[in-house]
Amino acid sequence: MMRFMLLFSRQGKLRLQKWFTSMSEREKKKIIRDMTTMVLARQPRSCNFMQWKDLKIVYKRYASLYFCLGVESQENELLALEIIHRYVELLDKYFGNVCELDIIFNFEKAYFILDEFLMGGEIQETSKQIVNRSIEASDMLQETLEEYMSKPAF
Amino acid sequence: MPAPIRLRELIRTIRTARTQAEEREMIQKECAAIRSSFREEDNTYRCRNVAKLLYMHMLGYPAHFGQLECLKLIASQKFTDKRIGYLGAMLLLDERQDVHLLMTNCIKNDLNHSTQYVQGLALCTLGCMGSSEMCRDLAGEVEKLLKTSNSYLRKKAALCAVHVIRKVPELMEMFLPATKNLLSEKNHGVLHTSVVLLTEMCERSPDMLAHFRKNEKLVPQLVRILKNLIMSGYSPEHDVSGISDPFLQVRILRLLRILGKGDDDSSEAMNDILAQVATNTETSKNVGNAILYETVLTIMDIKSESGLRVLAINILGRFLLNNDKNIRYVALTSLLKTVQTDHNAVQRHRSTIVDCLKDLDVSIKRRAMELSFALVNGNNIRGMMKELLYFLDSCDPEFKADCASGVFLAAEKYAPSKRWHIDTIMRVLTTAGSYVRDDSVPNLIQLITNSVEMHAYTVQRLYKALLDDISQQPLVQVASWCIGEYGDLLVSGQCEEEEPIQVTEDEVLDVLEGLLVSNLSTPVTRGYALTAIMKLSTRFTSVNRIKKVVSIYGSSIDVELQQRAVEYNALFKKYDHMRPALLERMPIMEKTASNGPTEIVQTNGEAEPSVVEAKHPPPVTQPTNQANDLLDLLGGNDVVPVIQTTVPTKPASAGGELLDLLGDLSLSGGPAPAPATSVPSSQPAFLLDGLTSPPLFNDIAAAGIPPMTAYNKNGLKIDFTFERANPNPNIAVITIHASNSTEADMTDFVFQAAVPKTFQLQLLSPSSNVVPTLNQGTVTQVIRVLNPQKQQLRMRIKLTYTHKGSAVQDLAEVNNFPPQSWQ
């Protein structure tokens, strides 16, 4: 199973943190620190896998954001890269040419999308269309304070 | 009360902050506003406030005061509230907070909600962070949803069930009925999560595994699904670069792996599909390779036929040649796993693997190094070592220690010749000398000692290396030890293996003295150097120069050096007659377990002093073992001396002092304190109870204990006289009196003794080593025997001396001890 997924910028600012196991705040902070340090220190053309304690760390850079996945040792690293890519595609479809700012200003949406794709450290849905449709339908359910759906709910 | 600012407004504002302090100020202000809003129980804007709180939490600020608000949001009827509430619960709450249990009821209600998206939220939250208590309470609901026909809910319920099983394994049974027709679903989401659920069950319970193999005929079902995935045409919904649902394919392969492991029937049922996947999968993109990778792992783990295994290894071999670094990395990792079982197949790719040593990527280099060492065998040792030594030369410092250790291990196992072995060691020491591990120094010394015919060659090469470079401490230490030991071979130019160099004694001493004064030398190295110089006093003729050096260091600031120098000085002055015996050539060290001296490392508990300690042969640490050997009637002819009167032990006592100086080490029973030194500087404490100065010559007959003759042969007579040491009645003090009734002196006389295991023996220094002719005098020596169990005293003695030009050696048993001596 996957243990965590982190998104952070080139300056090490955290943009999203998803934890699939129960951990104390302190442990989480330490992991975030370690991951950002390790990943940001990597040479540009190195391979995307690292060993950290008993976990495999799979990371990929998309524009200004690093996507970092911590998986257990029996997981398939090459597939983990595909998982990261799939998530980026989902974000891209939803936001339309997604960039870091989208994720900063709509972080809750990024979480909602992630929660339709992954759950409990495993993949929940392998079809892009179904994930997108679920998100759109959920969005429709949101009672808004404004008259128009396109205005942000909060 | 004005409406609280919007989330995006807040984000924008915070991002304008130019310093950390400014940001903190804004956040504090907003937190205060949010807190007062919470206190007012404002339902309208609670959602907005919690969302803002979650943003601030992501920046690293505390947000625990929002936990209860999340619960209120979850309980709300509005979907927007619930969405944010559940998100907040997943981020801020977990099983460590007691509050989290309050969620259980809400989740239970939401699991039965009319809107599937609400049910979905509840399932997701439960499946991500549900505690064991929550899981126990809600497992029934999850199980119900696992049987629904709604695929959206079914897939979520399946993963939720996985989480429940992980948290509360005992509940696994209750999900079994629901799994019956999970795999007949068409929906890929359900299929995928079902496979995950089945995998989890099979991994956790061998009973489940057996059940699924036999009763459910899971393997054929999975094979069928996989086949459909591969054979079916383009499906836009699940296509990734031309491959249909790679995620599902990989998951199925993994479950097949578990089902096929150790089971012939299952493995056979999947052979075909595995071969098909292995040969048909498109390899141009990462996706295809991900599937191939999983296939290879499955083939290697199950009981596949050999053709399939070869196919798998060849796939890995192709991976090694791939341009993509990730794929090369993954190949090396897999090969490392399979190298034990399919050694020959992996050997075929050895040259590619060795090429990976030159890769620029650090992760790949490390894997390649590990794999290379695993591939070394008797046939390829020369070639492989060349590559590995080249790697050692050029690799990053982080690799050098591991690589050096690996080289030593491989060389030890497969060295084709002693000369090659020594050369390899030399090469490592000169290229990576500073990275070599501490315990390699004693290991190498032992190795060198054991290669008797290579001594001259070794010392010559080491000497030449020292001339070049004295900065690498392990090299310098080994070299000084060797020069001290074999310096005579060096100056006599006896080398057979290569052109002997012309070296004078003064030149050698120059080098060693250079080590003593150099800033590059550590204190440990200086210790080695000083001891080496001292040893040369019996091998070289220029003793005066050595005496001078030794006396200079008697006032060294370094206490370790000072002690050594003082003791060596004493050796020159008062005990010169013992010097040759003390400093003679080291006997061949026996290897205990894999590397003998490292045992000394462990018992002493610290690497540094043991480097000093460990260069002494096991006899120093196992006197009682040798005693046993001598008493073994079958095989008592060991060359190894029993008690260390003839083995140079001075550094051992110095080592002992070093340990004392460090203070915090506990000396375990055997090693350091035990060595009985001939120079009475440090005595094991227990034998010294109550005594201040050790009695060297004790001719006084023990009160009431009659003397006895222990040995009388060839004109040599040895009498024992007894005394009880006070206040410890368990110690018997025996003085031997050796007399010579022949017409010629017995010179180089050495008396050694051994006692059974339950005793402990200590030999003090003899009065002299010449037993004068015609009973004109006696040689006396004191033996102290500790006999805590009051057993009958027995002793085996060994006598060596030179008589009329020839060396004489004799062993004898002494059994006629008077009862009073041991009762």
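Start in helix α1 of chain A and select K29(A) and E25(A): being four residues apart, they are separated by about one helical turn. This is a predicted model. The two side chains meet in a salt bridge, 4.0 Å from N to O. Colour the pair by accessibility. K29(A) is partly exposed, with a relative accessible area of 41%. E25(A) is partly exposed too, at 38%.

**Stop 1: across to chain B**

Now select E125(A) and K155(B). They form a salt bridge, and their closest N and O atoms are 2.8 Å apart. Where does each partner of this pair lie? E125(A) sits in the loop between β7 and α5 of chain A, while K155(B) belongs to helix α9 of chain B, so the pair joins two chains. Are these two residues buried or exposed? E125(A) is buried, with a relative accessible area of 1%. K155(B) is buried as well, also at 1%.

Next, pick K156(B). Its salt-bridge partner is E116(A), with the closest N and O atoms 3.4 Å apart. How many salt bridges run between chain A and chain B? The count is nine. A search of the whole structure, over all chains, finds 57 salt bridges.

**Stop 2: the whole interface**

Zoom out and select every residue where the chains touch. Chain A brings 68 residues to the contact, and chain B brings 73. The size of an interface is often given as the accessible area lost when the parts come together. Here, chain A and chain B bury about 6400 Å² between them. Carbon and sulfur atoms hold 56% of that area.

Between chain A and chain B, 24 residue pairs are in polar contact, counting pairs with both residues at pLDDT 80 or more. Then hide chain B and look at the side of chain A that touches it. Several elements each supply at least two residues to this side, among them β2 (14-19), α1 (25-40), α2 (77-95) and α5 (128-141) of chain A. Which element gives the most? Select α5(A): it gives nine residues. Now colour this side of chain A by residue type. You get 27 nonpolar, 17 polar and 24 charged residues.

**Stop 3: a salt-bridge network**

Bring chain B back. Select R204(B) and E200(B). Their side chains meet in a salt bridge, 2.7 Å from N to O. Both residues lie in helix α10 (residues 188-204) of chain B. They are four residues apart, about one turn of the helix. Compare their surroundings. R204(B) is partly exposed, at 38% relative accessibility. E200(B) is buried, with a relative accessible area of 7%.

**Stop 4: aromatic rings**

Over all chains, the count comes to 15 aromatic pairs. Select one of them, Y117(B) and Y152(B). The rings are edge-to-face, 5.2 Å centre to centre, with 65° between the planes. This pair links distant parts of the chain. Y117(B) is in helix α7 (residues 116-129) and Y152(B) in helix α9 (residues 151-167), 35 residues apart. Y117(B) is buried, with a relative accessible area of 16%. Y152(B) is also buried, at 8%.

Switch to chain A for another set of rings. Select Y62(A), F67(A) and Y87(A). Ring pairs link these residues into a cluster.

**Stop 5: a loop in chain B**

Jump to K790(B). You will find K790(B) in the loop between β8 (779-786) and β9 (795-803) of chain B. K790(B) is partly exposed, with a relative accessible area of 36%. K790(B) and F759(B) are 31 residues apart in sequence, and 9.0 Å apart in space, C-alpha to C-alpha.

**Last stop: all of chain B**

How many helices and strands does chain B have? It comes to 35 helices and 10 strands. Colour by accessibility once more. Of the 823 residues in chain B, 58% are buried. Finally, show the contacts in chain B with a separation of 6 or more. Residues 24 or more positions apart account for 69% of them.

Definitions and conventions. Residues numbered from 1 in each chain as written. Chains lettered and ligands numbered in written order. Predicted model: local features only at pLDDT ≥ 70, side-chain atom pairs only at ≥ 80, totals over all residues. Heavy atoms only, no water. Contact = heavy atoms within 4.5 Å. Buried area = accessible area lost by both parts, 1.4 Å probe. Polar contact = N/O pair within 3.5 Å; in protein donor to acceptor, adjacent residues only side chain to side chain. Nonpolar A, V, L, I, M, F, W, Y, C, P; charged D, E, K, R; others polar. Phe/Tyr/Trp six-rings, centres within 6.5 Å; stacked < 30°, edge-to-face > 60°. Buried < 20%, exposed > 50% of the residue type's maximum accessible area, 1.4 Å probe, protein only.
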